[in-house]
Amino acid sequence: MARDSLDRSAVCEAFHAAWTRVIVTAQDEEWLAAATAALTGYGTSVIGCDAELAVERRLSGNETPDGRPGVAIMAFAFSVAKVARAIANRVGQAVLTCPTAALFDGLPEAAERAPLGDYLHYFGDGHERTSGQAWVLPVMEGDIAIPATCGVASGVAGGNLIFMGSAPAPVLAAARSAALALADLAGVITPFPGGVCRSGSKVGSRYSALVASTNEAYCPTLRDRVATRLPEGATVAYEVIINAAEETLLRQAMQIAIRTGQGPAVLGITASSYGGKLGKIVIPLVELADGEKR
């Protein structure tokens, strides 16, 4: 049985965010991977990116609108306007351009809509046409249909867990396993590379131009110079950031990640909070212990 390394005094602070979902398909895995990598690239943190994006889950041909292999991708940003512009720009650059790729609205039931084909159809230069709820644009491969709009909803971003230990390799493996355990959980993404972040941030900076900066309390080379939050014996920390369609899903995902990431190499699992400076969603880790749900 894995040792219980959870810091029950810790509180995770997350924030409300707008999100959308698109479904991308292609003729085979090679071109699906190309479209996915391009669409989600540089989509780790709203600190510096237009949105936070990642694959929500893989889809079989039985689950996609055109019967081809696909992925569901979620995108999060601070506002509806920002997530709308981010997904439209990215679809235009990464899906419209990708051989054999197709795109579908992954949130068709949402009442709130954001322009997608309504924004991109101008690229057709007058040769575009409407077809149902989509715009059809001519491309050098033939035609591609882009949904006129995509659904947008309110979700939660910035859920976080920090895994700490004495050796990088096993702690990284624990954090990675925690992120992988969420790979097929609908409504959840971990947007950082491989689902794991090594440069965790805090709100604010001594430099006025920055809204966020390194979370020095978890930097091992600074433990003798700052008020460290690393437990005795810990020389490394990795953070798993989790975004979800709703708070209930975020709590479920955090429980799974905690349960999966515990092990002999992990000396502590904690979370960051900033006194309400980041967001108004507060999740005490004690509420997630022992499988409790709220």
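Me: What share of the residues in the protein is buried, and how is that decided?

Reply: Buried means under 20% relative accessible area, exposed means over 50%, and partly exposed lies in between, with a 1.4 Å probe and protein chains only. In the protein, buried residues make up 52% of the 294 residues. Please keep in mind that this is a predicted model, in which local features need pLDDT of at least 70 and side-chain atom pairs count only at pLDDT 80 or more, while totals for chains, interfaces and linings use all residues. Residues are numbered from 1 along each chain as its sequence is written, and side-chain values use heavy atoms, with hydrogens and water left out.

Me: What radius of gyration does the protein have, and what would a compact globule have?

Reply: The radius of gyration is taken over C-alpha atoms, and the globule rule is 2.2 Å times the number of residues to the power 0.38. With 294 residues, a compact globule would come out near 19 Å, and the protein has 20 Å, which agrees. Along its principal axes, the C-alpha trace spans about 65 × 45 × 35 Å.

Me: How many helices and strands does the protein have?

Reply: Helices (H or I, at least four residues) and strands (E, at least two) are DSSP runs, numbered from the N terminus. Here there are five helices and 15 strands.

Me: Which share of the contacts in the protein joins residues 24 or more positions apart?

Reply: Contact means heavy atoms within 4.5 Å. Among the contacts in the protein with a separation of 6 or more, 75% are between residues 24 or more positions apart. Isoleucine 256 and alanine 181 are 75 residues apart in sequence, yet their C-alpha atoms are 7.0 Å apart in space. Not counting residues up to four places away in sequence, isoleucine 256 touches Ala181, Leu182 and Leu185.

Me: Which residues touch the most other members in the largest nonpolar core?

Reply: A nonpolar core is a set of buried Ala, Val, Leu, Ile, Met, Phe, Trp, Tyr and Cys residues joined through side-chain atoms within 4.5 Å. The largest one has 48 residues, and those that touch the most other members are Leu161, Phe163, Val188, Ile242, Leu250, Met254 and Leu285. Helix α5 (residues 247-261) gives the largest share of this core, seven residues. A second, separate core has 35 residues, including Ala84, Ala94, Leu116 and Val152.

Me: Where does isoleucine 23 lie, and which residues does isoleucine 23 touch?

Reply: Isoleucine 23 lies in strand β1 and is buried, with a relative accessible area of 13%. Leaving out residues up to four places away in sequence, isoleucine 23 touches Leu59, Pro65, Val71, Ala102, Leu103, Phe104 and Gly106. From isoleucine 23 to valine 55, which are 32 residues apart in sequence, the C-alpha to C-alpha distance is 9.6 Å.

Me: Is alanine 26 buried or exposed, and where is its place?

Reply: Alanine 26 is in the loop between β1 (11-25) and α1 (29-40), and this residue is buried, with a relative accessible area of 0%. Leaving aside neighbours within four places in sequence, alanine 26 is in contact with Trp31, Leu32, Arg68, Pro69, Thr100 and Ala101. The C-alpha atoms of alanine 26 and glutamate 13, which are 13 residues apart along the chain, are separated by 38 Å.

Me: What should I look for in the backbone angle phi?

Reply: Most residues other than glycine have a negative phi. Tyrosine 42, although not a glycine, has a positive phi of about 50°. Tyrosine 42 lies in the loop between α1 and β2 (52-59) and is exposed, with a relative accessible area of 63%. Threonine 100 also has a positive phi, near 70°. The place of threonine 100 is in the loop between α2 (80-95) and β4 (102-105), and at 14% relative accessibility threonine 100 counts as buried.
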